[in-house]
Structures are given as C-alpha cells and as structure tokens.
Amino acid sequence: PGLLAKVPSVILTEGKNDYYTLRYINEIILKNKYKKLHLLPGIGCNKNNSIIQLYMGWNKSFMILLDADKAGKNAVKEYVSTFGNIIKQDIKTYEDFVPEIGAVAMEDIFTEAEKLAITQRFDETATKYKKSAFNTAIQTALINKEVIELSEETLNKFDSLLKQLN
C-alpha cells in the first residue's frame with residue numbers, strides 16, 4: 001500500500017472458522033458492539049507466514065490468535081523460530097485473554113448443549129457435536145443474519161474476549 005492507504009491493525013485468526021465465529025458473535029449477536037475489530041482469516045495455525053511477512057514488511061501491527069492446544073503451542077514456537085523473538089509479543093492464545101473461560105479452542109467457549117444445538121441447525125439427525133456441521137451452521141447464521149440463542153455465560157465469555165481483542 002502507498003503512504004495514503006490505510007492498513008488497519010488486524011487479528012489474524014487461526015483459521016476461517018474462528019474468523020466466522022468471532023464475526024458472527026460481534027456482528028449478529030452483539031450487534032457490532034466492537035467496531036475497531038479487524039479480523040483476518042488465517043489458513044491454519046502454522047501456515048500464515050505470508051500474511052505475517054506482509055505486516056512485518058509494512059511495519060503495521062497485527063496479532064495472531066491461536067488455539068491453546070498442542071498444535072497452537074507448536075505454531076507459536078515455529079513462528080518465533082522463523083521470525084525471531086520480536087514476534088512473540090504478537091502471538092496470543094485464547095487462554096491468554098480470558099483464562100477464566102477455560103477455552104483451549106474457539107468452540108470451547110460454547111456450552112456442550114449449545115454446540116449440539118448449533119450442530120443440529122445444519123444436521124438435524126446429529127446426536128452429538130460435529131465440528132464441520134457446527135462451523136457450517138455458524139457461517140450460515142452469519143450470512144442470513146440469524147440469531148442463535150446462547151446462554152448468558154457464553155455471551156459473557158465472548159464479550160470479555162472481544163472486548164480485549166478490540
């Protein structure tokens with residue numbers, strides 16, 4: 001970009017599903033409460049080197065938001081190994097923001113009952129949570145601007161996370 005082009009600070013999510021879920025909660029459920037939030041969908045926990053290189057080259061701030069699972073923690077090590085310790089401060093996991101939610105991954109923020117109910121929006125025959133059906137249902141709800149009922153506990157957890165990300 002040229003000097004007059006505005007390049008916003010972004011939060012690079014681990015993947016598209018985290019991106020859609022955060023957008024859905026902020027835009028549809030919380031009615032765009034957090035307007036400074038610029039999310040960028042990643043392509044996997046350890047596959048976002050090109051985006052990181054661009055933002056580093058542009059000298060623009062960014063954050064990488066990863067799951068706190070084994071793969072996410074390994075990705076932190078890989079990014080630091082590739083780009084140096086300077087990037088360490090720009091990498092966060094869900095547990096860094098809201099440890100009280102006990103979330104290792106995005107879907108952990110939802111209750112088990114909510115995960116099943118959302119899964120069933122896409123697959124009515126489902127008797128247990130299915131990650132792909134769950135994520136498709138969230139994307140569909142975002143596109144169609146459909147409100148999914150969530151518990152106060154879940155809403156508070158997302159509000160706390162989004163407030164800190166904002």
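Tutor: Exposed means over 50% relative accessible area, and buried means under 20%. The model here is predicted. On helix 5, the face turned away from the buried side carries the exposed residues E112 and A113.

Student: Which residues of helix 5 (residues 112-122) are buried?

Tutor: E114, K115, I118 and T119.

Student: What puts them on the same side of helix 5?

Tutor: They cover an arc of only 135° around the axis, so they share one side of helix 5. What covers these buried residues includes helix 6 (131-144) and helix 7 (152-165).

Student: Why is D90 said to have no salt bridge?

Tutor: A salt bridge needs a side-chain nitrogen of Lys or Arg within 4 Å of a carboxyl oxygen of Asp or Glu. For D90, the nearest side chain of opposite charge is K92, 7.3 Å away.

Student: Where is D90, and what does D90 contact beyond four places in sequence?

Tutor: D90 lies in the loop between helix 3 (70-83) and strand 4 (91-93). Leaving aside neighbours within four places in sequence, D90 is in contact with F62, M63 and I64.

Student: Which residues of the largest nonpolar core touch the most other members?

Tutor: L22, Y24, I25, I118, L162 and L165, out of 30 residues. Helix 1 (16-29) is among the elements that each supply at least two residues. Helix 1 gives the most, with 6 residues.

Student: What else is there besides this core?

Tutor: A second, separate core of 16 residues, including I52, F62, V76 and F83.

Methods. Residues numbered from 1 in each chain as written. Predicted model: local features only at pLDDT ≥ 70, side-chain atom pairs only at ≥ 80, totals over all residues. Heavy atoms only, no water. Buried < 20%, exposed > 50% of the residue type's maximum accessible area, 1.4 Å probe, protein only. Arc of directions from axis to C-beta. Contact = heavy atoms within 4.5 Å. Core = buried A, V, L, I, M, F, W, Y, C linked by side-chain atoms within 4.5 Å. Lys, Arg positive; Asp, Glu negative; His and termini not counted.
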